[in-house]
Amino acid sequence: MASKLGLIIKREYLAKVRNRSFIVMTILSPLLMVGMIVLIAYLAKINDEEIRVVSVLDESAFFQTEFHPSKNISYVHMDELTLEQAKDSTNSLEYYGLLYIPNKATVEETANSAYLFTKDNPNTAVTQELEGVFQKQLRQDRLQKLGVSSEQFSSIEKPFEINLSTFEGEKSIKGINEIKAIIGGGFGYAIMMFIIIYGGFVMRSVIEEKTSRIIEVIISSVKPFQLMLGKIIGNSLAGITQFSIWIVSASLLMLAVVLVFGVDVAALTSENGAVAPGPMGVSQLETMDGKMMIYAKEILDIPWGLLIVSFFIYFILGYLIYSSIYAAIGAAVDNETDTQQFIFPIILPLMLAIYVGFFSVFSNPHGPIAVGFSLFPLTSPIVMLMRLPGGIGEGGVPLWQFLLSIVLLIITFLGIVSLAAKIYRTGILMYGKKPTYKELIKWLRY
Amino acid sequence: MDHILVAKNVTKTYGNYTALSNISLQIPKNCIYGLLGPNGAGKTSFIRIINQITHQDSGEIFLNGEPLAQKHIASIGYLPEERGLYKSMKVGEQALYLAQLKGLSKNEAKTRLKYWFDRLNIGDWWDKKIQELSKGMAQKIQFIVTVLHEPKLLIFDEPFSGFDPINANIIKDEILQLKENGTSIIFSTHRMESVEELCEYIALIHKSEKILDGKLSDIKKAYKNNIFDVGLQVKSRTDNIMQSLEKQFNILSSNIEGLDHQLNFKVQLPSSHTGEILTELSKVGNVNRFDETIPSANDIFIQTVNSKDNGE
């Protein structure tokens, strides 16, 4: 018996990995993925490097020293020109725009009558930066009228960040929950992708056996359940092979790209971080280093062992549940176009898990919704993994929830597989019928 | 008599639909047993139960005297009506796989496959994919993988569909050869001409019930109605002789070839005794043909099915 299952697994595996489109996908996907990343990095770099030149015609005395070149804008001062001349030369030099500040008595008045001339509607980043300069100056001016000196003003302006700590007294930092959830979410997302891609393989393989009419020959030699199980295992092994090749080759490619082309991938991610733009003092840099240390510590503190072990547990159980449903669907239909009505209800809980995960677990990893979905067996493989980077026990997922979700998953697995096997057993011998849900329920009783 | 397969009161239902109702059959060893019936009669349901693809709701099945069990799979070979092979798999690889699923070792399977491939002259197909072969060629492979593990009981469901006449003959000869070698064969079909040629025993299933079974020759005997086909050469006056014969016997149909003085007619006698009519006929002419019309399997099939339908 066991050797027959082995034979089936081997055949399914070889049939899959020898398939031409499978080979093409295996080779092309990492290339495409790395290509995409390189392209995005490249585009982002180009975008960053575009510095807009704004010419400044400042007839007043209030803003002379306030325009410092920044990441987005560099300034060219056009003194001693009339407005018309300045406009003409800005145009002929193809600068981004002309900032005109007329000479008025007060800062307030000056600011109110200043104009930014541009060819088209100006970029928001540019206007925001310019407005920032005016605002700062206005605030300082208004405060001075209330008797605040410029020294006092600069001490007021110092940025502030709240100190964070856990109840245990460890220093905590903002964003760590999100980082943890993203790591868990990454695992969960991998499970979802795997289920959708390789569950589909299982389904197509069942349909192929039906349309080629070999199915009855096979099940006169082995039990339908053995065939179904062999098919699921064989296809998932093919999937794991493909996934491993993807990960290894994508990492190697990425490394090669970084080494050869010097694309700064890290720059990509840090750009999106919450690092405030503008000049940073030495002290700020030091706190940044401190923060990085805490981030690194927190990431190292994530219970990686637990996470990986539970990834495999949830992955195997989740995949078995879903792929046996896929197998049952494949058995129920005659061709792939008939599968649509059945596929959607499968994908729904997976999508729900991802969305609930990202919206609810991110903000509140141990709230009622997160707990509910991490116990519900069709979503738990994904949602529980998003919660697990917080660890098990105090401050993390309570042990009973973790165990309960696995127990529920196992019970569901046994239930679904036996139901799916019944549908499969009946469905594979049915030809020419477009099944309805009612029909499928009838098959369960045969 | 020794039986390869005995079914006792086998019943199978699918929801409200009864596929088999109380079927009992005895299939003798080393013969070709025709399982006949119109489409949807329940033949395939019965065969699937023998192959343990599905299970009967009630009743018992014995293979070689033992209750049917999982281990018997290796001693049954099944060629389903709905059959096919993996299209993108190579012929040799596929045949090896299917043989191993039936419990043959890889080496054993290889040796036997070589033998069969040579026997059916398809040795050079080993590395071809099924999708490169014609339908008839694929059927040959299918036949080989069915018989390869030398099962004691072979079940062929419409084995000749998909074959051209020449290859159908080759397969028919192979089936007869297998029977010679001691295999018991169940042959399911609704094509009666092959039944006449091959089957020693038949069972007729109609609307999920067995309505007839036994030795084909016995059944035919039971179904003949003493109808004889007669040719009579007379000297003269064909019309008058015909008229007088019609008075004496139950003439079913007649045709007179006046120029040749030949009378041809079908007559039904009250019993199987032919002495009286032969005496009478000899008086008026020369009997040059006197055949008992034996009903064909086809006739019996149609007759029983119709009488069953009308009688109920």
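## Chain A: strand S3 and its partners

In S3(A), A:Gly97 is the bridge partner of A:Val54. Helices (H or I, at least four residues) and strands (E, at least two) are DSSP runs, numbered from the N terminus. The model is predicted: local features need pLDDT of at least 70, side-chain atom pairs count only at pLDDT 80 or more, and totals for chains, interfaces and linings use all residues. Residues are numbered from 1 along each chain as its sequence is written, while chains are lettered from A and ligands numbered from 1 in the order in which they are written.

Strand S1 (residues 52–58) of chain A pairs with S3(A) in the parallel sense, over 5 bridges. Two strands pair if DSSP finds at least two bridges between them. S3(A) also pairs with strand S4 (residues 115–118) of chain A, in the antiparallel sense and over 4 bridges. There A:Gly97 has A:Thr118 of S4(A) as its bridge partner.

How many residues of strand S3 (residues 97–101) of chain A are buried? The count is 5 of the 5, so the strand is largely enclosed by the rest of the structure. Buried means 20 or more other C-beta atoms within 10 Å of the residue's own; exposed means 12 or fewer, and partly exposed lies in between, with C-beta atoms placed from the backbone. A:Gly97, A:Leu99 and A:Ile101 point one way from S3(A), and A:Leu98 and A:Tyr100 point the other way.

## Chain B: the open sheet

Chain B has an open sheet of 6 strands with mixed pairing, in the order S6-S7-S8-S3-S9-S10. Strand S6 (76–79) and S10 of chain B are the edge strands, each pairing on one side only. Neighbouring strands are turned by 15 degrees against each other on average, direction ignored. Helix H7 (residues 216–223) of chain B packs on the sheet and touches S9 and S10 of chain B. Its direction makes about 105 degrees with that of S10(B). Axes are lines fitted to C-alpha atoms, for helices over the stretch in contact, and angles run from 0 to 180 degrees between N-to-C directions.

S7(B) and strand S8 (residues 184–189) of chain B run parallel, joined by 5 bridges. B:Ile155 has B:Ile186 in S8(B) as its bridge partner.

## Nonpolar cores

The largest nonpolar core has 133 residues. Such a core is a set of buried Ala, Val, Leu, Ile, Met, Phe, Trp, Tyr and Cys residues joined through C-beta atoms within 7 Å. A:Ala327, A:Ala328, A:Val383, B:Tyr33, B:Ala95, B:Ile155 and B:Phe187 touch the most other members. Helix H12 (residues 304–332) of chain A gives the most to this core, with 14 residues. Apart from it lies another core, of 14 residues, including A:Val56 and A:Tyr100.

Not counting residues up to four places away in sequence, B:Phe187 touches B:Ile32, B:Tyr33, B:Gly34, B:Leu35, B:Phe156, B:Leu198 and B:Cys199.

## Interface

In all, 19 residues of chain B are in contact with 18 residues of chain A. Contact means C-beta atoms, placed from the backbone, within 7 Å. Helix H2 (residues 91–101) of chain B supplies the largest share of the chain B side, 4 residues.

## Positive phi

Most residues other than glycine have a negative phi. B:Glu150, not a glycine, has a positive phi of about 45 degrees. B:Glu150 sits in the loop between helix H4 (135–147) and strand S7 (153–157) of chain B. B:Lys207 also has a positive phi of about 45 degrees. B:Lys207 lies in the loop between strand S9 (201–206) and strand S10 (209–215) of chain B.

Key
Contact = placed C-beta atoms within 7 Å.
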